[in-house]
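Hello,

Here is the structure I promised to pass on. Please open it first, then read my notes below.

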Amino acid sequence: MNAAANHGRPEGEPVSLWVATAGTTDYPALRGDVEVDVAVIGAGIAGMTAALALKRAGRTVAVLETARVGTGVTGHTTGKVTSLHRLAYTGIARSHSTGTARVYGQANQAAVEHVAQLVADEAIDCDFRRVANYTYAESADALELVRAEASLAARLGLPATFTAEVPLPFPVRGAVRFDGQGQIHAVKYLQGLARAVHGDGSFVFEHTRAQNVHDGSPAVVDTENGWVRARDIIVATNVPCGGQGLFYLRSHPHRSYIVAGRVDTLPLDATFISADQPMRSILTASVNGTSYVLTGGEGHRVSESGDTAARYRRLAAFARDRLDVDKVAYRWSTQDGMPLDGLPYAGLMSPTAKHVYVITGLRKWGLTNGTAAALILTDTLTGRTNAWAPVFNSNRITPAASAGRFVKENIRTFAAVVAGKVRGRPGHADLLPGEGTVIKANGGSTAVYKDEEGHVHAVSATCTHLGCTVGFNAAEATWDCPCHGSRFTTDGAVIQGPAAKDLPPAPMP
Ligand SMILES: Cc1cc2nc3c(=O)[nH]c(=O)nc-3n(C[C@H](O)[C@H](O)[C@H](O)COP(=O)(O)OP(=O)(O)OC[C@H]3O[C@@H](n4cnc5c(N)ncnc54)[C@H](O)[C@@H]3O)c2cc1C
Ligand code: FES
């Protein structure tokens, strides 16, 4: 696939507003060996929440983060802290049961309160504010859906009402409204959690990639420059590193895009998501004294990315036409795991695991699902019963809710593999700066990228996870794997798993 990155490149700095405005952290890399009660891999919402909860419960912890605290998926979120997950309750009640939907709601509503409490307890300056959250309907069909969601959610004990009064600057028919929800600067929040974790025998290590995880007593995490020995390990790397637990077969990565534009004053005092398609998510935020309107959407399965630059342009057009946003200041995208049966995973890595736990499949609502999952594992590791644990159980078997989807998703992955095998160009002579392409030559595939200075970079196009062929993402200038969502820089470094190894350099074809 060949796509121009500099011709028709979408407007806005290609960086998350949250990462750009948070300041950086400077925790040391692990050098040598460390012993703690619990090793936590990944400093996103799931890992940092678990680490602090365990430390508060009297455990020593070591957090290992391959990049910087909060710069993974959590640093690219929209920032809604809410138990209203679009139309989730209707879906969960239908594919599981009303009881399961009730527990899901309780866990997520408790997570909203947990975040609010931590912000207060640890005095974290992260722009947390209480807002109402709406799922709004523009069409008559969607109106019926939000009415049903409001009625079910209220019956489940959640702070839900149906309303025809929706404070948006364009007409809609009605919405389900949840009161007392929140929004947050997620990177500042995680940096606050990291400050509370580091010290007194607990550690945050940055630029430290977990290479191998060994179950046992003790359990051990290997890194390039040392190991961590612990009684228990939590793998909170969004997609379990190295593909452990085969979660890449039980959830599929879904990507979405966000544009943020500066505005004079904050126009909205609530957060929104549409029940209609194309789905649009709206949030306004005041960050370091500047007001922004965020518009998200254009979600798709990673194998079906299409023209990524056009996706940003459609979001910018919505922000301009509907929300009076003149110009996009920042744009970014990220992806999250969508579990086959619609419920997140928190528990042992596999049915035979003893001391290795996992949090994954947070279904694009991880600020609360990840918080709830972290609290479940904290209870499990400290011997307390948790009423939400069976619903999040990572080793559950739910064929009625997941079998059809398993077949469908894996057929789509297979189609992506086949497409990757037949795609490819014979040469790179006509590449423009900012463009990338996969070249088939001598029985192999090479991913070739020409940077803005005209230097050409070549790495293997074969994904180090299970061997699919990567494709060029023009809007982000990354190599993305269509099969299970691994992403790599143009020099081949892993940005996101399940791949654990970089794409190796390749000779120029
Ligand atoms: C566009 C978009 C918008 C969203 N908006 C919202 C929202 O408004 N509200 C909401 O609740 N949810 C939202 N979500 C979902 C939410 O952002 C995610 O569910 C959540 O942030 C995932 O957190 P995590 O801790 O699993 O992953 P991450 O934040 O990615 O944390 C995992 C960390 O592990 C590190 N890591 C990976 N491999 C290794 C390794 N081998 N060794 C060491 N470290 C490693 C990574 O660098 C990363 O920092 C959104 C998702 C998307 C895609
Ligand atoms: S992510 Fe699985 S093969 Fe690439």
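Two strands count as paired if DSSP finds at least two bridges between them. Please keep in mind that this is a predicted model.

**The hairpins**

By that rule, β12 and β13 form a hairpin, with 5 residues between them. Strand β12 covers residues 270-274 and runs antiparallel to β13, with 2 bridges joining them. I273 has S281 as its bridge partner in β13.

Strand β13 spans residues 280-287 and is mostly covered, with 7 of its 8 residues buried. On to the next strand: 8 bridges join β13 to β14 (residues 290-301), again antiparallel. Here L283 is bridged to L294 in β14. β13 and β14 also form a hairpin, with 2 residues between them. N288 sits in that turn and has a positive phi of about 50°.

**Backbone points to check**

Most residues other than glycine have a negative phi, and most peptide bonds are trans.

- P278 lies in the loop between β12 and β13.
- P218 is in the loop between β8 and β9.

How accessible is L246? L246 counts as partly exposed because its relative accessibility is 46%. D324, at 65%, counts as exposed.

Best wishes

Terms used
Residues numbered from 1 in each chain as written. Chains lettered and ligands numbered in written order. Predicted model: local features only at pLDDT ≥ 70, side-chain atom pairs only at ≥ 80, totals over all residues. Heavy atoms only, no water. Buried < 20%, exposed > 50% of the residue type's maximum accessible area, 1.4 Å probe, protein only. Helix = DSSP H or I, 4+ residues; strand = E, 2+ residues; numbered from the N terminus.
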